Amino acid sequence: MCKHILNAQVSIRAPCCKQWYDCPECHAEKQTHKLQKTMEMAFLCKKCKKAFYKDMEKYEESDEFCPHCDNHYVIDAKTPQAVVGVEGEDARIDARMLKDERVKPKNNHSVFTMDPDEEAALLNL
């Protein structure tokens with residue numbers, strides 16, 4: 001799993017060390033040598049788990065899809081972004097900070113006010 005590109009659709013086999021990486025940054029972190037450039041690339045689709053080759057000299061728009069499962073692997077990369085948020089406990093543990101819009105608010109009654117049904121019940125006694 002790549003921490004640099006969150007939506008990587010394929011892994012690429014590095015021609016220099018024959019290892020599979022999701023991005024060049026992952027290769028740079030794990031290896032001491034530079035990534036060798038090549039015009040014939042080996043891809044491993046993350047959807048169907050099958051490998052395929054592409055010649056980058058003859059690359060066309062139709063080559064943006066896995067030949068086995070038609071997964072569109074050339075997409076805009078999603079990278080991790082810093083997010084400003086509200087500090088608090090994990091909402092799965094303590095959800096008091098969250099307001100559930102589906103729940104109707106309870107009508108807070110005073111000791112001095114009664115519902116019409118309650119008042120009628122008291123008068124019938």
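Here are some questions and answers about a few residues in this predicted model.

The model is predicted, so local features need pLDDT of at least 70 and side-chain atom pairs count only at pLDDT 80 or more, while totals for chains, interfaces and linings use all residues. Residues are numbered from 1 along each chain as its sequence is written, and side-chain values use heavy atoms, with hydrogens and water left out.

Q: Why is asparagine 7 called buried?
A: Its relative accessible area is 15%. Buried means under 20% relative accessible area, exposed over 50%, and partly exposed in between (1.4 Å probe, protein chains only), so asparagine 7 at 15% counts as buried.

Q: What makes the pair of asparagine 7 and lysine 78 a polar contact?
A: A polar atom of the asparagine 7 side chain lies 2.9 Å from the backbone nitrogen of lysine 78. A polar contact is a pair of N or O atoms within 3.5 Å; within protein, one must be able to donate a hydrogen and the other to accept it, and residues adjacent in sequence count only if both atoms are side-chain atoms. The 2.9 Å between these two residues is within that 3.5 Å limit.

Q: Which residues does asparagine 7 contact, leaving aside its neighbours within four places in sequence?
A: They are Ile75, Asp76, Ala77 and Lys78, where contact means heavy atoms within 4.5 Å.

Q: How do you know that asparagine 71 is buried?
A: Its relative accessibility is 10%, so asparagine 71 falls under the cut-off for buried. Not counting residues up to four places away in sequence, asparagine 71 touches Gln9, Cys45, Lys47, Glu64, Phe65 and Cys66.

Q: Why is leucine 44 called partly exposed?
A: With a relative accessible area of 26%, leucine 44 also belongs in the range in between, hence the label. Among its contacts beyond four places in sequence are Gln9, Trp20 and Ala51.
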